[in-house]
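Student: Could you zoom in on one part of this structure and walk me through it slowly? After that, I'd like to see what else is going on around the chain.

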Amino acid sequence: MHSGFISRLTGALALPLLFALGACEQTSSIGQSVIDEQIDIIIDSAFTVSGNSVRNDNVQSRTLTQLLGDIEIEGYGSVRSYFVSQFMPAANIQTDGVTSIDSLHLIMRVPTGDYIGDSIAPMGLTVYELERDLPYPIYTNTELNDYYNTNAPVGSRIYTMANFRLDSVSSTESATYRELKVPLDLSIGKRLYDAYVANPSAFSDPATFTSQIFKGLAVQNSFGSGRLTRIGQSTLRMYYTRKFYSEKLERDSIQHLSGNYFGVTPEVITNNQLTYIPNATITDMVANGAAVIASPAAYEVKMRFPAPEILASYNSNKAQFQLVNSLSMRLPVSALDNNAGIEPPKYILMVLSKDKDKFFADNSLPDNIHSFYATYDSTNQCYDFIDLRDYIIELTEKESVAEEDYTFTLTPVTVTMTTNGSGYYQTTVVGSVTPEVSNASAAQFLFDKAKIILSYSKQSLKY
């Protein structure tokens, strides 16, 4: 008898459980007199998980959230980040009666409180214009120093998380975000305006605009440390003067106007350029075999899932009919002690290691066969993967199972949800899963406390 828990059902009582095994609708007294049915439901949890940390600094950002700053966190390490970004024309530029382009500002919207570290530490930023097309694909460690001239900045500013509060558009909006405005070289604004007047069609296609008109900006931390700021949205706002004839006043009038004519959108490239240096606490843990996961662009975990052992359990004393009922896994974690409230990643992706790069390159979604995602359960301090059934069923159908079939990578990700339908028929589904490159997180997997539960049924027919 198998070491797992066995529940046995016999005879007619077993019939409702056989719906997945085929149609068994004939229940004549003659048939029941010659066939005795027995179903064993086996629940096995005698499985172990193992894994180790792997540095993960070569990450495709694939996010619109831009990370800027420099911070060192006890128990975690240091992170420095700047970003590069292309821009997409967002609206038709006003040209009727325009007499002058007065200024151009980079507007960075920061959701209220969306930063890590010291809110009042003064920090500086410097903006440079890109001189070359950004490479694609682009990664968090792509070397970009020769893509812009560090001796020719086009804008700069000193800021804290408090001193740009009045930049908010309105008192209502100021409750949800702040606007960090950086004046840019006026020549850029004039050049963009003149290019639009000369060829408006070039502003309707992202590829044409970024390659021929404006290649984008790099925004670097110029001095100071102690804070990482998450920028939710970046736009270019053009201020201009317009002269027009007022019918009401019966004379020429002047207007001073502005428009957010360019924005960072999914159609163009934006990338956080990250440098993470773990502190001695983490490097010692990793060296001693601890399975540490951390972001942004820090550590992921390569995990051996016990598929061979699960298959051995399933195939032991195989019956005429057999069915996997469920397979789940709980992975407990321990948060790392730190002085900045760094917590375990909100989401992790579990994907076959051989498929990980393709998963992100193709903008894939978890299929619950080769890839899965889980949300951090702060109450129980764990990640639950509750539906691994289709994965193990696929393996039962293979002639042989190789190591690549049960070697997974656990990596921090950002999950966005999409709402479909409306009203009563409204559903929320996963819209995207991308590498976590805009938030700091860290945790240690406690694989010795992991719990895998396999449930399967065996049916025997006795004549």
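Tutor: Let's start with β23 and strand β24 (residues 427-435), which run antiparallel and are joined by eight bridges. Keep in mind that you're looking at a predicted model. To find the pair on screen, look for Asn-420, which stands opposite Thr-427 in β24. The two strands form a hairpin with six residues between them, and in that hairpin Gly-421 takes a positive phi near 75°. As background, strands of a sheet pair through backbone hydrogen bonds, and they can do that either parallel or antiparallel.

If you follow β18 (299-304) back, you reach the loop between β17 (291-295) and β18, which is where Pro-296 is found. Something is worth checking at that spot: the peptide bond joining Ser-295 and Pro-296 is cis, with omega about 0°. Where else can you find a cis peptide bond? One joins Tyr-136 and Pro-137, also with omega about 0°, and Pro-137 is in the loop between β9 (123-129) and β10 (155-159).

While we're on backbone angles, let's go back to positive phi. Asn-363 has a phi near 55°, a positive value in a residue that isn't glycine. You'll find Asn-363 in the loop between α6 (356-361) and β21 (371-377). Gln-381 isn't a glycine either, yet its phi is positive at about 55°. Gln-381 lies in the loop between β21 and β22 (382-385). Is Gln-381 buried, exposed or partly exposed? Its relative accessibility is 40%, so it counts as partly exposed.

Nine bridges join β16 to strand β5 (residues 77-85), and the two run antiparallel. Ser-78 has Ile-277 in β16 as its bridge partner.

What does Leu-68 touch, once you leave aside its neighbours within four places in sequence? Its contacts include Tyr-82 and Phe-83, but also Tyr-159, Val-219 and Ile-231. Across the whole protein, 48% of the 463 residues are buried.

Helices next. Helix α5 (residues 307-315) and helix α7 (residues 389-396) have axes that come within 11 Å and cross at roughly 75°. That makes α5 roughly perpendicular to α7. On the α5 side, Ala-307, Ile-310, Leu-311 and Tyr-314 meet Tyr-391, Ile-392, Leu-395 and Thr-396 of α7. Sort the residues of this contact and you get seven nonpolar, one polar and no charged.

There's also an open sheet of five strands in the order β6-β15-β14-β7-β11, with antiparallel pairing. Its edge strands are β6 (88-89) and β11 (177-184), each pairing on one side only. Helix α2 (residues 186-198) packs on this sheet and touches β7, β11, β14 (233-246) and β15 (251-263), with its direction at about 110° to that of β7.

Stepping back, the protein has seven helices and 26 strands. How far can you trust the picture? The mean pLDDT is 88, and 89% of the residues reach 70 or more. Over residues 9-33, though, the pLDDT is below 50, and that stretch has 22 contacts in the model beyond near neighbours in sequence. Residues 165-174 also stay under 50, and the model gives them 14 contacts beyond four places in sequence.

Methods: Residues numbered from 1 in each chain as written. Predicted model: local features only at pLDDT ≥ 70, side-chain atom pairs only at ≥ 80, totals over all residues. Heavy atoms only, no water. Contact = heavy atoms within 4.5 Å. Pairing = 2+ DSSP bridges. Helix = DSSP H or I, 4+ residues; strand = E, 2+ residues; numbered from the N terminus. Axes fitted to C-alpha atoms, helices over the stretch in contact; angles between N-to-C directions. Parallel < 35°, antiparallel > 145°, perpendicular 65-115°, else oblique. Nonpolar A, V, L, I, M, F, W, Y, C, P; charged D, E, K, R; others polar. pLDDT = per-residue confidence, 0-100. Buried < 20%, exposed > 50% of the residue type's maximum accessible area, 1.4 Å probe, protein only.
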